[in-house]
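I set out to record the strand order and the helix packing of this model. The entries below follow the sheets one by one.

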Amino acid sequence: MASEPPPSLRTGSWFRSVVFYEIPVRSFFDSNGDGIGDLPGVTAKLDYLGRLGVGAIWLLPFYVSPWRDEGYDISDHYAIHPKLGTVDDFDRLVEEAHRRGIRVLGDYVANHVSTDHPWFQEARRDRSSPYRAWFLWSDTGTEFSRVRVIFRDEETSNWSWDEVAGQYYFHRFFASQADLNYDAPAVRAEMIRYARFWLGRGLDGFRCDAVPYLFKREGTRSQSLPEVHQFFREVRAMMDREFPGTVLVAEANQSVPETIPYFGEGREFQMVMHFPLMPNLFLALGEEDPRRIVHVLRATLPAPGGTSWAYFLRNHDEVTGEHLSEDEREMMLWLYGRDPRAVLNHGLRRRLAPMLDGDDDRVEMMTALLLGLPGAPYLYYGDEIGMGDRLDLPDRDGVRTPMQWSEGPTAGFSTASPDRLVRPIVSDPRFAPSVRSVAGEEGRDGSLLERVRALLSVRNERAETFSSPLYDALELPGSPVFGFVRPGPAEHILCLYNLSRSEVEVQARLPAWSAPHPTELLGHERRLTVTEGALRGRLPPYGFAWVGFPRVPDPPPP
Ligand code: NOJ
(Lines give C-alpha, C1' and ligand atoms only; values in the text may rest on other atoms or scores of the structure.)
Protein backbone atom coordinates (compact mmCIF):
# COMPACT_ATOMS: atom_id res chain seq x y z
CA MET A 1 0.00 0.00 0.00
CA ALA A 2 1.18 3.53 -0.77
CA SER A 3 2.02 5.37 2.44
CA GLU A 4 1.45 8.93 3.56
CA PRO A 5 4.76 10.61 4.42
CA PRO A 6 5.16 11.86 7.98
CA PRO A 7 3.95 15.50 7.87
CA SER A 8 7.33 16.73 9.14
CA LEU A 9 8.94 15.63 5.88
CA ARG A 10 6.79 17.86 3.72
CA THR A 11 6.80 21.11 5.68
CA GLY A 12 8.22 24.44 4.65
CA SER A 13 11.07 24.64 2.22
CA TRP A 14 12.59 21.32 3.25
CA PHE A 15 14.38 21.07 -0.08
CA ARG A 16 16.65 23.96 0.82
CA SER A 17 18.06 22.31 3.90
CA VAL A 18 18.79 18.74 2.85
CA VAL A 19 21.57 17.08 0.88
CA PHE A 20 20.35 15.11 -2.17
CA TYR A 21 21.92 11.89 -3.47
CA GLU A 22 21.43 10.58 -7.01
CA ILE A 23 20.97 6.83 -7.50
CA PRO A 24 20.90 4.90 -10.78
CA VAL A 25 18.95 1.99 -9.30
CA ARG A 26 20.46 -0.61 -11.63
CA SER A 27 23.96 0.19 -10.44
CA PHE A 28 23.46 0.63 -6.70
CA PHE A 29 22.85 -2.71 -4.99
CA ASP A 30 21.56 -6.03 -6.27
CA SER A 31 19.35 -7.68 -3.63
CA ASN A 32 18.44 -10.87 -5.51
CA GLY A 33 21.67 -11.99 -7.15
CA ASP A 34 20.64 -11.43 -10.79
CA GLY A 35 23.49 -8.99 -11.37
CA ILE A 36 21.22 -5.94 -11.61
CA GLY A 37 20.64 -3.37 -8.89
CA ASP A 38 17.03 -3.06 -7.75
CA LEU A 39 14.63 -1.19 -5.50
CA PRO A 40 14.97 -3.60 -2.53
CA GLY A 41 18.72 -3.01 -2.97
CA VAL A 42 18.22 0.70 -2.41
CA THR A 43 16.04 -0.04 0.62
CA ALA A 44 18.80 -2.25 2.02
CA LYS A 45 21.24 0.66 1.81
CA LEU A 46 19.06 3.36 3.39
CA ASP A 47 20.89 3.02 6.68
CA TYR A 48 24.17 3.73 4.89
CA LEU A 49 22.64 6.83 3.29
CA GLY A 50 21.24 7.94 6.62
CA ARG A 51 24.68 7.57 8.24
CA LEU A 52 26.17 9.60 5.41
CA GLY A 53 23.73 12.41 6.19
CA VAL A 54 21.66 12.28 3.00
CA GLY A 55 18.20 13.88 3.36
CA ALA A 56 16.71 12.98 -0.04
CA ILE A 57 17.39 10.47 -2.79
CA TRP A 58 16.71 10.91 -6.50
CA LEU A 59 16.05 7.60 -8.24
CA LEU A 60 16.81 7.40 -11.95
CA PRO A 61 13.90 6.00 -14.03
CA PHE A 62 12.66 2.70 -12.62
CA TYR A 63 9.78 2.21 -15.07
CA VAL A 64 9.37 -0.51 -17.69
CA SER A 65 11.84 0.22 -20.47
CA PRO A 66 14.03 -1.55 -23.03
CA TRP A 67 16.91 0.36 -21.43
CA ARG A 68 18.44 1.78 -24.56
CA ASP A 69 18.97 4.97 -22.58
CA GLU A 70 19.23 3.94 -18.93
CA GLY A 71 15.44 3.90 -18.54
CA TYR A 72 14.93 7.36 -20.10
CA ASP A 73 13.11 5.40 -22.79
CA ILE A 74 9.92 4.37 -21.01
CA SER A 75 7.57 1.77 -22.43
CA ASP A 76 5.12 1.72 -19.50
CA HIS A 77 4.88 4.74 -17.20
CA TYR A 78 2.72 2.99 -14.64
CA ALA A 79 4.77 -0.10 -13.82
CA ILE A 80 8.17 -0.89 -12.35
CA HIS A 81 10.69 -2.67 -14.54
CA PRO A 82 10.43 -6.34 -13.43
CA LYS A 83 14.21 -6.54 -12.98
CA LEU A 84 14.04 -3.64 -10.50
CA GLY A 85 11.21 -4.97 -8.37
CA THR A 86 7.49 -4.61 -7.88
CA VAL A 87 5.15 -1.83 -6.88
CA ASP A 88 5.21 -3.34 -3.38
CA ASP A 89 9.00 -2.99 -3.38
CA PHE A 90 8.57 0.63 -4.39
CA ASP A 91 6.06 1.26 -1.61
CA ARG A 92 8.38 -0.37 0.90
CA LEU A 93 11.33 1.74 -0.23
CA VAL A 94 9.33 4.94 0.12
CA GLU A 95 7.99 3.91 3.50
CA GLU A 96 11.40 2.90 4.86
CA ALA A 97 13.02 6.06 3.51
CA HIS A 98 10.35 8.22 5.12
CA ARG A 99 10.72 6.36 8.39
CA ARG A 100 14.36 7.45 8.38
CA GLY A 101 13.51 11.03 7.46
CA ILE A 102 14.76 10.60 3.88
CA ARG A 103 12.61 11.96 1.02
CA VAL A 104 12.37 10.22 -2.34
CA LEU A 105 12.33 11.90 -5.75
CA GLY A 106 11.56 10.04 -8.96
CA ASP A 107 12.52 10.95 -12.49
CA TYR A 108 9.72 12.45 -14.61
CA VAL A 109 10.45 11.72 -18.25
CA ALA A 110 7.85 13.71 -20.16
CA ASN A 111 9.46 14.72 -23.45
CA HIS A 112 9.59 11.32 -25.13
CA VAL A 113 8.77 7.63 -24.85
CA SER A 114 10.48 4.50 -26.07
CA THR A 115 9.62 3.55 -29.62
CA ASP A 116 8.66 0.19 -28.04
CA HIS A 117 5.87 1.93 -26.12
CA PRO A 118 2.41 0.61 -27.12
CA TRP A 119 1.38 4.23 -27.83
CA PHE A 120 4.05 4.56 -30.49
CA GLN A 121 3.55 1.03 -31.77
CA GLU A 122 -0.13 1.65 -32.35
CA ALA A 123 0.51 5.11 -33.81
CA ARG A 124 2.97 3.84 -36.39
CA ARG A 125 0.74 0.95 -37.49
CA ASP A 126 -2.57 2.76 -37.75
CA ARG A 127 -2.94 6.26 -39.16
CA SER A 128 -6.50 6.43 -37.84
CA SER A 129 -5.50 5.57 -34.26
CA PRO A 130 -5.92 8.39 -31.73
CA TYR A 131 -2.28 7.74 -30.78
CA ARG A 132 -1.11 8.91 -34.20
CA ALA A 133 -1.59 12.49 -32.98
CA TRP A 134 0.52 11.79 -29.89
CA PHE A 135 3.72 11.97 -31.97
CA LEU A 136 5.23 14.29 -34.58
CA TRP A 137 5.24 12.98 -38.16
CA SER A 138 6.58 14.30 -41.42
CA ASP A 139 6.73 13.21 -45.06
CA THR A 140 10.02 15.01 -45.62
CA GLY A 141 11.85 15.20 -42.28
CA THR A 142 12.73 18.81 -43.00
CA GLU A 143 10.55 20.63 -40.46
CA PHE A 144 11.97 22.26 -37.32
CA SER A 145 15.31 22.63 -39.01
CA ARG A 146 16.50 25.14 -36.39
CA VAL A 147 16.30 22.51 -33.65
CA ARG A 148 19.77 21.33 -32.67
CA VAL A 149 20.75 17.68 -32.45
CA ILE A 150 21.72 16.93 -28.85
CA PHE A 151 23.32 13.49 -29.09
CA ARG A 152 25.41 14.55 -32.04
CA ASP A 153 27.90 11.69 -31.60
CA GLU A 154 25.09 9.22 -32.38
CA GLU A 155 22.40 11.06 -34.34
CA THR A 156 22.65 13.26 -37.40
CA SER A 157 19.03 14.42 -37.51
CA ASN A 158 16.04 14.85 -35.20
CA TRP A 159 13.90 12.98 -37.74
CA SER A 160 14.05 9.22 -38.40
CA TRP A 161 12.24 7.29 -41.08
CA ASP A 162 9.79 4.68 -39.85
CA GLU A 163 9.08 1.95 -42.38
CA VAL A 164 5.83 0.86 -40.75
CA ALA A 165 4.41 4.36 -40.43
CA GLY A 166 5.64 5.38 -43.87
CA GLN A 167 6.69 8.72 -42.41
CA TYR A 168 9.48 10.33 -40.44
CA TYR A 169 9.00 10.80 -36.67
CA PHE A 170 10.67 13.44 -34.51
CA HIS A 171 13.09 12.71 -31.67
CA ARG A 172 15.23 15.13 -29.66
CA PHE A 173 17.47 12.39 -28.31
CA PHE A 174 18.13 8.87 -29.58
CA ALA A 175 16.03 7.57 -32.47
CA SER A 176 14.70 4.99 -29.99
CA GLN A 177 12.99 7.84 -28.07
CA ALA A 178 10.06 9.34 -30.00
CA ASP A 179 9.06 12.84 -28.85
CA LEU A 180 5.49 13.28 -27.71
CA ASN A 181 3.32 15.91 -29.36
CA TYR A 182 2.38 18.34 -26.60
CA ASP A 183 -0.09 20.12 -28.84
CA ALA A 184 -2.33 17.08 -28.37
CA PRO A 185 -4.43 17.74 -25.25
CA ALA A 186 -4.57 13.99 -24.55
CA VAL A 187 -0.76 13.91 -24.21
CA ARG A 188 -0.75 16.73 -21.67
CA ALA A 189 -3.54 15.06 -19.69
CA GLU A 190 -1.76 11.69 -19.75
CA MET A 191 1.51 13.16 -18.53
CA ILE A 192 -0.25 14.85 -15.63
CA ARG A 193 -1.91 11.53 -14.82
CA TYR A 194 1.55 9.91 -14.81
CA ALA A 195 2.85 12.48 -12.30
CA ARG A 196 -0.21 12.07 -10.12
CA PHE A 197 0.12 8.28 -10.11
CA TRP A 198 3.61 8.22 -8.53
CA LEU A 199 3.01 11.15 -6.21
CA GLY A 200 -0.02 9.25 -5.02
CA ARG A 201 2.28 6.35 -4.16
CA GLY A 202 4.34 8.61 -1.92
CA LEU A 203 7.07 10.27 -3.99
CA ASP A 204 8.15 13.62 -2.60
CA GLY A 205 8.72 15.09 -6.02
CA PHE A 206 10.36 14.73 -9.39
CA ARG A 207 13.54 15.58 -11.15
CA CYS A 208 12.08 16.48 -14.54
CA ASP A 209 13.99 15.30 -17.57
CA ALA A 210 14.67 17.39 -20.69
CA VAL A 211 12.27 20.10 -19.59
CA PRO A 212 12.89 22.76 -22.29
CA TYR A 213 11.97 20.65 -25.31
CA LEU A 214 8.34 19.65 -24.85
CA PHE A 215 6.81 22.01 -27.43
CA LYS A 216 7.96 22.56 -31.01
CA ARG A 217 7.30 25.61 -33.14
CA GLU A 218 8.46 26.05 -36.73
CA GLY A 219 11.14 28.68 -37.18
CA THR A 220 12.31 28.53 -33.54
CA ARG A 221 14.91 26.47 -31.70
CA SER A 222 11.93 24.91 -29.93
CA GLN A 223 13.50 25.35 -26.55
CA SER A 224 11.95 26.94 -23.47
CA LEU A 225 8.89 28.17 -25.35
CA PRO A 226 6.18 29.88 -23.28
CA GLU A 227 4.03 26.76 -23.66
CA VAL A 228 6.65 24.72 -21.78
CA HIS A 229 6.41 27.07 -18.81
CA GLN A 230 2.63 26.96 -18.97
CA PHE A 231 2.59 23.15 -18.90
CA PHE A 232 4.85 22.90 -15.87
CA ARG A 233 2.81 25.55 -14.08
CA GLU A 234 -0.14 23.22 -14.50
CA VAL A 235 1.81 20.27 -13.14
CA ARG A 236 2.97 22.37 -10.20
CA ALA A 237 -0.53 23.67 -9.49
CA MET A 238 -1.81 20.09 -9.40
CA MET A 239 0.98 19.12 -7.01
CA ASP A 240 0.39 22.08 -4.70
CA ARG A 241 -3.29 21.26 -4.61
CA GLU A 242 -3.16 17.50 -4.26
CA PHE A 243 0.29 16.76 -2.79
CA PRO A 244 1.37 19.82 -0.83
CA GLY A 245 5.06 19.99 -0.02
CA THR A 246 6.17 17.92 -3.03
CA VAL A 247 8.73 19.47 -5.35
CA LEU A 248 9.73 19.78 -8.98
CA VAL A 249 13.37 19.98 -10.06
CA ALA A 250 14.15 21.12 -13.61
CA GLU A 251 16.78 19.56 -15.77
CA ALA A 252 17.07 22.55 -18.07
CA ASN A 253 20.52 22.32 -19.56
CA GLN A 254 20.54 25.86 -20.99
CA SER A 255 22.31 29.18 -20.74
CA VAL A 256 21.82 31.37 -17.69
CA PRO A 257 19.15 33.70 -19.20
CA GLU A 258 17.18 30.73 -20.51
CA THR A 259 17.43 28.82 -17.23
CA ILE A 260 16.26 31.40 -14.70
CA PRO A 261 12.63 31.61 -15.98
CA TYR A 262 12.10 27.99 -14.91
CA PHE A 263 11.67 29.26 -11.36
CA GLY A 264 8.51 30.89 -12.75
CA GLU A 265 8.31 33.45 -9.94
CA GLY A 266 7.68 30.66 -7.51
CA ARG A 267 4.99 28.98 -9.62
CA GLU A 268 7.04 26.47 -11.60
CA PHE A 269 10.08 24.57 -10.35
CA GLN A 270 11.23 24.83 -6.73
CA MET A 271 14.71 23.81 -7.87
CA VAL A 272 16.54 24.25 -11.16
CA MET A 273 19.74 22.33 -11.88
CA HIS A 274 22.56 24.81 -12.34
CA PHE A 275 24.18 23.51 -15.53
CA PRO A 276 26.17 26.63 -16.41
CA LEU A 277 27.95 26.59 -13.04
CA MET A 278 29.13 22.99 -13.14
CA PRO A 279 31.82 23.15 -15.86
CA ASN A 280 32.89 26.55 -14.55
CA LEU A 281 33.67 25.00 -11.17
CA PHE A 282 36.10 22.61 -12.83
CA LEU A 283 37.59 25.34 -15.03
CA ALA A 284 38.11 27.61 -12.03
CA LEU A 285 39.89 24.82 -10.20
CA GLY A 286 42.11 24.02 -13.18
CA GLU A 287 42.92 27.70 -13.73
CA GLU A 288 43.36 28.30 -9.97
CA ASP A 289 41.20 31.36 -10.35
CA PRO A 290 37.76 31.70 -8.75
CA ARG A 291 36.56 34.68 -10.78
CA ARG A 292 34.42 32.72 -13.21
CA ILE A 293 32.52 31.12 -10.29
CA VAL A 294 31.96 34.55 -8.78
CA HIS A 295 30.64 35.84 -12.12
CA VAL A 296 28.22 32.98 -12.70
CA LEU A 297 26.89 33.26 -9.17
CA ARG A 298 26.55 37.03 -9.49
CA ALA A 299 24.40 36.47 -12.57
CA THR A 300 22.23 33.81 -10.98
CA LEU A 301 21.80 34.65 -7.30
CA PRO A 302 19.59 34.91 -5.45
CA ALA A 303 17.12 32.34 -6.75
CA PRO A 304 13.72 34.07 -6.73
CA GLY A 305 11.59 33.97 -3.58
CA GLY A 306 11.48 30.61 -1.91
CA THR A 307 13.14 28.67 -4.76
CA SER A 308 16.63 27.27 -4.95
CA TRP A 309 19.35 26.40 -7.40
CA ALA A 310 20.28 22.73 -7.44
CA TYR A 311 24.05 22.35 -7.63
CA PHE A 312 26.02 19.29 -8.63
CA LEU A 313 29.56 18.37 -9.52
CA ARG A 314 28.87 15.19 -11.40
CA ASN A 315 25.85 13.19 -12.45
CA HIS A 316 25.04 10.22 -14.71
CA ASP A 317 25.68 12.26 -17.89
CA GLU A 318 28.76 13.99 -19.25
CA VAL A 319 30.26 17.22 -17.87
CA THR A 320 28.59 19.48 -20.35
CA GLY A 321 30.62 21.93 -22.39
CA GLU A 322 27.56 23.34 -24.14
CA HIS A 323 27.50 26.60 -22.21
CA LEU A 324 31.18 27.32 -22.63
CA SER A 325 32.80 29.32 -25.38
CA GLU A 326 34.98 27.49 -27.89
CA ASP A 327 38.08 28.62 -25.96
CA GLU A 328 36.69 27.57 -22.63
CA ARG A 329 35.70 24.19 -23.99
CA GLU A 330 39.18 23.68 -25.34
CA MET A 331 40.59 24.60 -21.95
CA MET A 332 38.27 22.12 -20.22
CA LEU A 333 39.31 19.32 -22.55
CA TRP A 334 42.96 20.21 -22.10
CA LEU A 335 42.62 20.20 -18.33
CA TYR A 336 40.42 17.14 -17.90
CA GLY A 337 40.05 15.31 -21.20
CA ARG A 338 43.51 14.41 -22.38
CA ASP A 339 42.36 10.83 -22.94
CA PRO A 340 40.30 11.21 -26.13
CA ARG A 341 37.97 8.45 -24.97
CA ALA A 342 36.75 10.79 -22.25
CA VAL A 343 35.22 13.22 -24.75
CA LEU A 344 31.54 12.73 -25.62
CA ASN A 345 29.07 15.05 -27.38
CA HIS A 346 29.87 18.48 -26.00
CA GLY A 347 31.65 17.37 -22.87
CA LEU A 348 33.47 14.81 -20.77
CA ARG A 349 32.24 11.45 -19.57
CA ARG A 350 34.22 11.27 -16.36
CA ARG A 351 33.56 10.85 -12.68
CA LEU A 352 34.65 13.30 -10.02
CA ALA A 353 37.65 11.46 -8.55
CA PRO A 354 39.37 10.63 -11.87
CA MET A 355 38.87 14.21 -13.05
CA LEU A 356 40.73 15.31 -9.96
CA ASP A 357 43.55 12.76 -10.36
CA GLY A 358 42.21 10.66 -7.50
CA ASP A 359 43.31 13.38 -5.10
CA ASP A 360 41.13 13.16 -1.98
CA ASP A 361 42.03 16.69 -0.92
CA ARG A 362 40.59 18.11 -4.12
CA VAL A 363 37.53 15.87 -4.00
CA GLU A 364 36.87 16.92 -0.41
CA MET A 365 37.39 20.61 -1.17
CA MET A 366 35.08 20.56 -4.21
CA THR A 367 32.45 18.69 -2.17
CA ALA A 368 32.74 21.30 0.57
CA LEU A 369 32.34 24.01 -2.04
CA LEU A 370 29.17 22.36 -3.35
CA LEU A 371 27.79 22.03 0.17
CA GLY A 372 28.61 25.64 1.06
CA LEU A 373 26.80 27.33 -1.83
CA PRO A 374 23.33 28.85 -1.34
CA GLY A 375 21.12 26.14 -2.81
CA ALA A 376 20.49 22.43 -2.81
CA PRO A 377 23.55 20.18 -3.23
CA TYR A 378 23.21 16.95 -5.22
CA LEU A 379 25.82 14.23 -4.69
CA TYR A 380 26.35 11.49 -7.26
CA TYR A 381 26.46 7.94 -5.88
CA GLY A 382 29.98 6.69 -5.28
CA ASP A 383 31.65 10.09 -5.42
CA GLU A 384 31.76 10.03 -1.62
CA ILE A 385 34.18 7.09 -1.76
CA GLY A 386 36.16 8.43 -4.73
CA MET A 387 34.86 5.88 -7.24
CA GLY A 388 36.43 5.85 -10.69
CA ASP A 389 35.03 5.31 -14.18
CA ARG A 390 35.55 3.02 -17.19
CA LEU A 391 36.38 4.72 -20.44
CA ASP A 392 36.21 1.41 -22.29
CA LEU A 393 32.41 1.26 -21.90
CA PRO A 394 30.12 2.88 -24.50
CA ASP A 395 28.28 6.18 -24.19
CA ARG A 396 27.92 7.28 -20.53
CA ASP A 397 28.00 3.75 -19.11
CA GLY A 398 31.49 4.30 -17.75
CA VAL A 399 30.20 6.65 -15.04
CA ARG A 400 27.39 4.24 -14.11
CA THR A 401 29.33 1.19 -12.94
CA PRO A 402 28.27 -0.85 -9.88
CA MET A 403 28.61 0.88 -6.52
CA GLN A 404 31.65 -0.42 -4.66
CA TRP A 405 30.44 -1.68 -1.30
CA SER A 406 33.44 -3.84 -0.48
CA GLU A 407 36.49 -5.54 -1.92
CA GLY A 408 36.17 -8.50 -4.24
CA PRO A 409 35.31 -9.31 -7.85
CA THR A 410 31.76 -7.91 -7.64
CA ALA A 411 32.61 -5.13 -5.17
CA GLY A 412 29.90 -6.43 -2.82
CA PHE A 413 27.34 -5.13 -5.34
CA SER A 414 25.91 -8.54 -6.17
CA THR A 415 26.26 -12.24 -5.48
CA ALA A 416 26.05 -12.98 -9.23
CA SER A 417 29.22 -13.93 -11.04
CA PRO A 418 31.22 -10.88 -12.24
CA ASP A 419 30.41 -11.54 -15.90
CA ARG A 420 26.67 -11.26 -15.17
CA LEU A 421 26.75 -7.79 -13.67
CA VAL A 422 24.82 -4.95 -15.27
CA ARG A 423 28.21 -3.40 -16.05
CA PRO A 424 31.74 -4.40 -15.22
CA ILE A 425 33.35 -3.11 -12.05
CA VAL A 426 35.98 -0.35 -12.23
CA SER A 427 39.33 -1.99 -12.91
CA ASP A 428 41.77 0.97 -12.83
CA PRO A 429 44.01 0.04 -9.87
CA ARG A 430 43.73 3.59 -8.44
CA PHE A 431 39.95 3.27 -8.14
CA ALA A 432 39.26 -0.47 -7.94
CA PRO A 433 37.24 -1.89 -5.02
CA SER A 434 40.44 -3.02 -3.29
CA VAL A 435 41.25 0.64 -2.64
CA ARG A 436 37.86 2.36 -2.96
CA SER A 437 34.87 0.86 -1.20
CA VAL A 438 32.38 1.65 1.53
CA ALA A 439 33.65 -1.19 3.73
CA GLY A 440 37.24 -0.06 3.30
CA GLU A 441 36.49 3.56 4.09
CA GLU A 442 33.66 3.57 6.59
CA GLY A 443 34.98 4.17 10.07
CA ARG A 444 38.57 4.63 8.84
CA ASP A 445 40.03 7.87 10.11
CA GLY A 446 40.91 10.28 7.33
CA SER A 447 39.23 8.26 4.55
CA LEU A 448 37.40 10.26 1.89
CA LEU A 449 34.08 8.78 3.00
CA GLU A 450 34.64 9.93 6.59
CA ARG A 451 35.72 13.36 5.41
CA VAL A 452 32.61 13.73 3.24
CA ARG A 453 30.44 12.47 6.06
CA ALA A 454 31.93 15.09 8.40
CA LEU A 455 31.05 17.80 5.87
CA LEU A 456 27.46 16.62 5.61
CA SER A 457 27.19 16.42 9.34
CA VAL A 458 28.27 20.05 9.79
CA ARG A 459 25.98 21.16 6.97
CA ASN A 460 23.04 19.31 8.50
CA GLU A 461 23.74 20.66 11.99
CA ARG A 462 23.83 24.16 10.58
CA ALA A 463 20.99 23.70 8.11
CA GLU A 464 19.37 26.90 9.32
CA THR A 465 22.27 28.97 8.00
CA PHE A 466 23.13 26.87 4.96
CA SER A 467 19.51 26.78 3.79
CA SER A 468 19.22 30.55 3.87
CA PRO A 469 19.32 32.08 0.38
CA LEU A 470 21.81 34.69 1.55
CA TYR A 471 25.34 34.78 0.17
CA ASP A 472 27.94 37.58 0.16
CA ALA A 473 31.01 37.10 -2.02
CA LEU A 474 34.26 38.13 -0.35
CA GLU A 475 36.62 40.44 -2.20
CA LEU A 476 39.99 38.68 -2.42
CA PRO A 477 41.63 40.35 -5.43
CA GLY A 478 44.28 38.33 -7.21
CA SER A 479 43.90 35.40 -4.83
CA PRO A 480 43.19 31.80 -5.88
CA VAL A 481 40.87 31.61 -2.88
CA PHE A 482 37.12 31.57 -3.45
CA GLY A 483 35.46 33.06 -0.40
CA PHE A 484 31.97 33.98 0.65
CA VAL A 485 29.84 34.45 3.71
CA ARG A 486 26.55 32.70 4.41
CA PRO A 487 24.65 34.99 6.76
CA GLY A 488 22.30 33.08 9.03
CA PRO A 489 19.86 33.94 11.78
CA ALA A 490 22.14 32.85 14.64
CA GLU A 491 25.55 32.95 13.02
CA HIS A 492 27.39 33.84 9.87
CA ILE A 493 29.49 31.17 8.18
CA LEU A 494 32.57 32.18 6.27
CA CYS A 495 33.54 29.68 3.56
CA LEU A 496 37.01 29.75 2.02
CA TYR A 497 38.40 27.45 -0.65
CA ASN A 498 41.95 27.44 -1.94
CA LEU A 499 41.67 26.44 -5.60
CA SER A 500 45.44 26.26 -6.02
CA ARG A 501 48.08 23.63 -5.58
CA SER A 502 50.13 25.95 -3.32
CA GLU A 503 49.68 27.07 0.23
CA VAL A 504 48.22 30.57 0.23
CA GLU A 505 47.95 33.40 2.63
CA VAL A 506 44.45 34.83 3.00
CA GLN A 507 43.85 38.38 4.09
CA ALA A 508 40.52 40.12 3.96
CA ARG A 509 38.66 42.90 5.65
CA LEU A 510 35.56 41.61 7.30
CA PRO A 511 32.22 43.36 7.58
CA ALA A 512 30.91 44.79 10.82
CA TRP A 513 29.30 41.55 11.95
CA SER A 514 32.66 39.84 12.32
CA ALA A 515 32.23 39.31 16.02
CA PRO A 516 34.97 37.83 18.15
CA HIS A 517 35.15 34.10 18.92
CA PRO A 518 34.90 32.50 15.52
CA THR A 519 34.93 28.71 15.41
CA GLU A 520 36.45 26.51 12.72
CA LEU A 521 33.45 24.27 12.13
CA LEU A 522 35.28 21.26 10.77
CA GLY A 523 37.72 20.92 13.61
CA HIS A 524 40.70 21.51 11.35
CA GLU A 525 43.61 22.88 13.27
CA ARG A 526 43.35 26.66 13.50
CA ARG A 527 44.32 28.04 10.11
CA LEU A 528 42.83 31.48 10.32
CA THR A 529 42.89 34.29 12.82
CA VAL A 530 40.50 37.17 13.02
CA THR A 531 41.64 40.47 14.45
CA GLU A 532 39.88 43.80 14.53
CA GLY A 533 37.63 43.19 11.59
CA ALA A 534 40.34 41.57 9.51
CA LEU A 535 40.96 37.99 8.61
CA ARG A 536 44.40 36.55 8.25
CA GLY A 537 45.63 33.04 7.83
CA ARG A 538 47.00 30.34 5.62
CA LEU A 539 45.22 27.66 3.67
CA PRO A 540 47.14 24.55 2.58
CA PRO A 541 47.07 23.44 -1.08
CA TYR A 542 43.42 22.75 -1.97
CA GLY A 543 42.58 23.52 1.66
CA PHE A 544 39.36 25.04 2.79
CA ALA A 545 37.73 26.35 5.94
CA TRP A 546 34.24 26.96 7.24
CA VAL A 547 34.33 29.48 10.06
CA GLY A 548 31.29 30.27 12.17
CA PHE A 549 30.81 33.70 13.73
CA PRO A 550 28.05 33.95 16.28
CA ARG A 551 25.82 36.87 15.39
CA VAL A 552 26.33 39.99 17.43
CA PRO A 553 23.04 40.85 19.09
CA ASP A 554 21.50 43.98 17.64
CA PRO A 555 21.96 46.97 19.95
CA PRO A 556 18.87 47.74 22.04
CA PRO A 557 16.70 50.44 20.51
CA PRO A 558 17.53 53.90 21.90
C1 NOJ B 1 18.70 13.82 -19.83
C2 NOJ B 1 19.16 12.63 -19.05
O3 NOJ B 1 19.90 13.07 -17.93
C4 NOJ B 1 19.98 11.77 -19.98
O5 NOJ B 1 20.62 10.75 -19.29
C6 NOJ B 1 19.06 11.25 -21.07
O7 NOJ B 1 19.83 10.52 -22.01
C8 NOJ B 1 18.34 12.38 -21.78
N9 NOJ B 1 17.83 13.37 -20.88
C10 NOJ B 1 17.18 11.86 -22.58
O11 NOJ B 1 16.16 11.46 -21.73
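Entry 1, conventions. I worked from a predicted model, in which local features need pLDDT of at least 70 and side-chain atom pairs count only at pLDDT 80 or more, while totals for chains, interfaces and linings use all residues. Residues are numbered from 1 along each chain as its sequence is written, and side-chain values use heavy atoms, with hydrogens and water left out.

I looked up the closed sheet: 8 strands form a barrel in the order 1-2-5-11-12-13-14-17, with parallel pairing. Strands are DSSP runs of E of at least two residues, helices are runs of H or I of at least four, and both are numbered from the N terminus; two strands pair if DSSP finds at least two bridges between them. From one strand to the next, the twist averages 25°. Angles run from 0 to 180 degrees between N-to-C directions, and axes are lines fitted to C-alpha atoms, for helices over the stretch in contact.

I found 3 bridges in the parallel sense between strand 13 (271-273) and strand 14 (308-312). Val272 is placed opposite Trp309 of strand 14.

I noted helix 3 (87-99) across strands 2 (56-59) and 5 (103-109), at about 140° to strand 5. Helix 12 (360-372) lies across strands 14 and 17 (376-380), at about 145° to strand 17.

I recorded 3 strands in the order 7-9-8, with antiparallel pairing. Strand 7 (137-138) and strand 8 (159-162) are the edges, each pairing on one side only. Strand 8 pairs with strand 9 (167-170) over 4 antiparallel bridges, and Trp159 stands opposite Phe170 in strand 9.

Conventions:
Contact = heavy atoms within 4.5 Å.
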